[in-house]
Amino acid sequence: MIGLILTLDYEIYADGTGSIYDHMIKPTEDFLSICESCGAKATLFVDVAELVKMRQLSTFINEVKEVEYQLRGAHENGHDVQLHIHPWWFNAKFNKGKWNIDDTMSTLCHLHSATISKYIRSSKQYLLDVLEPCTRKYSCIAFRAGAWSMMPTRNIHNALVSEGIKIDSSVFKWGKAHTPYMTYDYSNAFSNMYPWFFSPHNVNYTEESSKEARSCIEIPIYAEYQRGIRFLTKKRIFLMSRIKSTIVDDKSPMYRSFLSPVYDKVGLLIKRRAKKLDFCKCTFREMKKMIENIVKHNPQDGYLPVVAIGHSKDFIYRDDFRRFLLFLRSNYADIIEIVPLTTAANKYLLSMK
Ligand SMILES: [Zn+2]
């Protein structure tokens, strides 16, 4: 059986542009409603750092209350709500109607373990407080790093374990970033699909024999290694132009570093890179093909959790997403279930015993 996990990163744009209602609340309402109409349960990875910062300002207080209401509703309806942190929000300043984020804090990984722990603990506490009034019990045990940055691994592994995080879902095989803001290289990641207990020294590797390494499992974002030319779909080009029209300062070094593959015009078409199973960016045909590739690895008597990703700000193509879920229901209902991350992780761990 395959447990497909639909994760939605719940956030506005990296440089602080975008609107809480248009880029988080409304698209997430549509996303959850489509999931519910197709019998699917989703997982929201909530960027807590931005919500905590916004909640401190009267300008945003009402919208943040709406966000919190939406998170409670999602949890009550059986969806998963888990922790995502973009640390550049921790020291962000709001000035003349514009956010100035702290681009020296693009990753938690370079901080001391105790400092990372402090940030994870307070962010977890925010989710616990928001979901506390719910009738369903809530546990925050899964994490996705801001901008997928899990290297260097040592300090963040320590912090995740000490704060009770048991699952990470940040890695996508073949993913790479070499910018002044962060550096990671997942070329050698254990798998593009199978989970692994990750080494405290390097998230790419597994050290199943060490007790320390068995404390946190990586459930990677499913990816395939494809030539740049195969990224040139109308959908991706539209989404890219939409980002350019929303971002206030597209000359900022941080913004350009995120889009570095796009500015590398030669590499754009020829080089291979990771194509994630992204239900906002992939066409229906791309998603269908990836599912066919995943199904070939369906464990007959085991359980395979597979992570797909999307972002609330990119959730534009509602019809493609609905078509994808209906396709899964019509063709694969006997071997693919769409379940929350923590449910899939538990089933996977039980199947290994
Ligand atoms: Zn994010």
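## A guided tour, stop by stop

**Stop 1: the loop with W148.** Select W148, which sits in the loop between β6 and α5. Helices here are DSSP runs of H or I with at least four residues, strands are runs of E with at least two, and both are numbered from the N terminus. Before moving on, note that this is a predicted model, where local features need pLDDT of at least 70, side-chain atom pairs count only at pLDDT 80 or more, and totals for chains, interfaces and linings use all residues. Residues are numbered from 1 along each chain as its sequence is written.

Look at the backbone of W148. Its phi is near 60°, a positive value in a residue other than glycine. W148 has 22 other C-beta atoms within 10 Å, so it is buried. The cut-offs are 20 or more other C-beta atoms within 10 Å for buried, 12 or fewer for exposed, and partly exposed in between, with C-beta atoms placed from the backbone.

Now step to P152, in the loop between β6 (142-145) and α5. The peptide bond from M151 to P152 is cis, with omega near -10°.

**Stop 2: α4 and α5.** Select residues 113-131 (α4) and 154-162 (α5); their axes come within 8 Å and cross at roughly 45°. Axes are lines fitted to C-alpha atoms, for helices over the stretch in contact, and angles run from 0 to 180 degrees between N-to-C directions. The two helices, α4 and α5, are therefore oblique to each other. Under 35 degrees would be roughly parallel, over 145 roughly antiparallel, and 65 to 115 roughly perpendicular; the rest is oblique. The crossing of α4 past α5 is right-handed, meaning that the near helix is turned clockwise from the far one by less than a right angle.

Colour the touching residues. On α4 they are S113, I116, S117 and I120; on α5 they are N155, I156, N158, A159, L160 and S162. Contact means C-beta atoms, placed from the backbone, within 7 Å. In this contact, five residues are nonpolar, five polar and none charged. Ala, Val, Leu, Ile, Met, Phe, Trp, Tyr, Cys and Pro count as nonpolar, Asp, Glu, Lys and Arg as charged, and the others, Gly among them, as polar.

**Stop 3: α2.** Select residues 48-55. Six of the eight residues of helix α2 are buried, so the rest of the structure largely encloses this helix. Which residues of α2 are buried? They are V48, A49, E50, L51, K53 and M54. Their cover includes β2 (42-47), α3 (61-76), β3 (80-85) and α4.

**Stop 4: the nonpolar core.** The largest nonpolar core has 98 residues. Such a core is a set of buried Ala, Val, Leu, Ile, Met, Phe, Trp, Tyr and Cys residues joined through C-beta atoms within 7 Å. Show I5, L6, L44, V46, Y222, V306 and A308, the residues with the most contacts inside it. Then centre on V306. Beyond its neighbours within four places in sequence, V306 contacts I2, L4, I5, M193, Y222 and I294.

**Stop 5: D314.** Go to the loop between β14 (304-311) and α11 (318-332) to find D314. Is D314 buried or exposed? It counts as buried, with 21 C-beta neighbours inside 10 Å. Leaving out residues up to four places away in sequence, D314 touches L239, C280 and K281.

Definitions and conventions. Two residues are in contact if their C-beta atoms, placed from the backbone, lie within 7 Å.
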